[in-house]
Amino acid sequence: MKTTILFFIFSGLFFFFQSCNDSNTVENSTKKPPLKKNLVKGKKKKKEAKENLPKILIDSLLINHLTGQCAYEKDTCFKLVPKHATTRNIHLQKETCDMFLKMKSAAEKDSVFLKINSGARNFNVQKYIWENKWDGKKRLRDGSSAKKIKNPKERSLKLLLYTAMPGTSRHHWGTEIDLYHVNGNKYYEKGKGLKEYEWLLKNAHKYGFHQVYSNKEKDNRTGYQEEKWHWSYMPISNLYHKKYKQLISYKDISGFKGASTAKEIKAIENYVNGINADYP
Ligand SMILES: [Zn+2]
């Protein structure tokens, strides 16, 4: 059973990465077709390569995506979100972006206007966000300064209420969106924000988007506080999460202030895996 599940995950990701690289081969399609003999040779070579390479190639590509070691602007899996749908320059996985745009158009017909405030964030961007809070340069959501907390474990836990450690953020994957909001969850409790949130609860799943950081008590999950602005494109993020559990260990989570606390506070078990249990 386990082997069958692993096979499907592996196959799914293999074809996913194949399609990511399609854009590199477009210009070749206009060239003359090769002779039949060469085609057979080519097929044989391709088969040999397929047998030897995919697992290493795909896993190494994936580890980069999973931990945010990416330059999204150069990566063919990603694209820039059109200006009318964002508040700044934001990249997302192509499919995530296309499905968001479809959802946005549908929402507009119901007078709900969605904009993305954050999308794919690589390791260095997440490190900047994390360390600014770690050093007290940026205040936390409750207005306090994390610098005052002397115990590193306690300081990490305080940051982790809303901020992911670099290397553990779902935003690395390009499958997550933070919608534009003011005032955190409170924005979604009345008026325009409530209307937007109710629309998303009713319709977002039709486009593949789900609120993974849902109400902690109600959904009996660990990790970050509820985030009504954070929506995940599950057809891809589910595969990434499964692969994260297989491929990433604490040795991959390093290179930022407070990284040594990751294992002790179980950053993978409690935070990466601490999503709404409807989406294991
Ligand atoms: Zn987010």
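Among contacts between residues at least 6 apart in the sequence of the chain, 74% connect residues at least 24 apart. The model is a predicted one. Its chain holds 280 residues, of which 30% are buried, and its secondary structure amounts to 11 helices and six strands.

The largest nonpolar core contains 48 residues, and within this core Met103 and Ala267 touch the most other members. At least two residues of this core come from each of helix 4 (54-67), helix 5 (94-109), helix 6 (123-134), strand 4 (176-179), helix 8 (191-203), strand 6 (230-233), helix 10 (234-247) and helix 11 (267-272). With neighbours within four places in sequence set aside, the contacts of Ala267 are Met165, Thr168, Ile253, Ala262 and Val272.

Strand 4 pairs with two other strands. Strand 3 (residues 116-118) is joined to strand 4 by two bridges, and the two run antiparallel. In this pairing Ser118 is placed opposite Asp178 of strand 4. Strand 4 is also antiparallel to strand 6, to which three bridges join it. Here Ile177 has Trp231 in strand 6 as its bridge partner.

Helix 8 comprises 13 residues, which at 1.5 Å a residue should span 18 Å; the C-alpha atoms at its ends are 18 Å apart, in agreement with that value. Its buried residues are Glu196, Tyr197 and Leu200. Viewed down the axis of helix 8, these buried residues fall within an arc of 95 degrees and therefore line one face of the helix. An α-helix has 3.6 residues a turn, so residues three or four places apart point the same way. The buried residues of helix 8 pack against strand 6, while Gly191, Glu198, Leu201 and Lys202 are exposed on the other side of the helix.

Helix 10 is made up of 14 residues, and the distance from its first C-alpha to its last is 19 Å, close to the 20 Å expected at 1.5 Å a residue. Buried positions in helix 10 are Ile236, Ser237, Tyr240, His241, Lys243 and Tyr244.

Two loop residues were examined individually. Ala120 is located in the loop between strand 3 and helix 6. Ala120 counts as buried because 28 C-beta neighbours lie inside 10 Å, against a threshold of 20 or more. Apart from residues up to four places away in sequence, Ala120 touches Tyr72, Phe78, His91, Leu92, His171 and Gly174. The C-alpha atoms of Ala120 and Trp173 are 6.5 Å apart in space, although 53 residues separate the pair in sequence.

His84 is situated in the loop between strand 1 (78-80) and strand 2 (91-93). His84 has 8 other C-beta atoms within 10 Å and is therefore exposed, the limit for that class being 12 or fewer. From C-alpha to C-alpha, His84 and Ile116 are 9.6 Å apart, with a sequence separation of 32 residues.

Note on methods. Residues numbered from 1 in each chain as written. Predicted model: local features only at pLDDT ≥ 70, side-chain atom pairs only at ≥ 80, totals over all residues. Helix = DSSP H or I, 4+ residues; strand = E, 2+ residues; numbered from the N terminus. Contact = placed C-beta atoms within 7 Å. Core = buried A, V, L, I, M, F, W, Y, C linked by C-beta atoms within 7 Å. Expected span 1.5 Å × (residues − 1). Arc of directions from axis to C-beta. Pairing = 2+ DSSP bridges.
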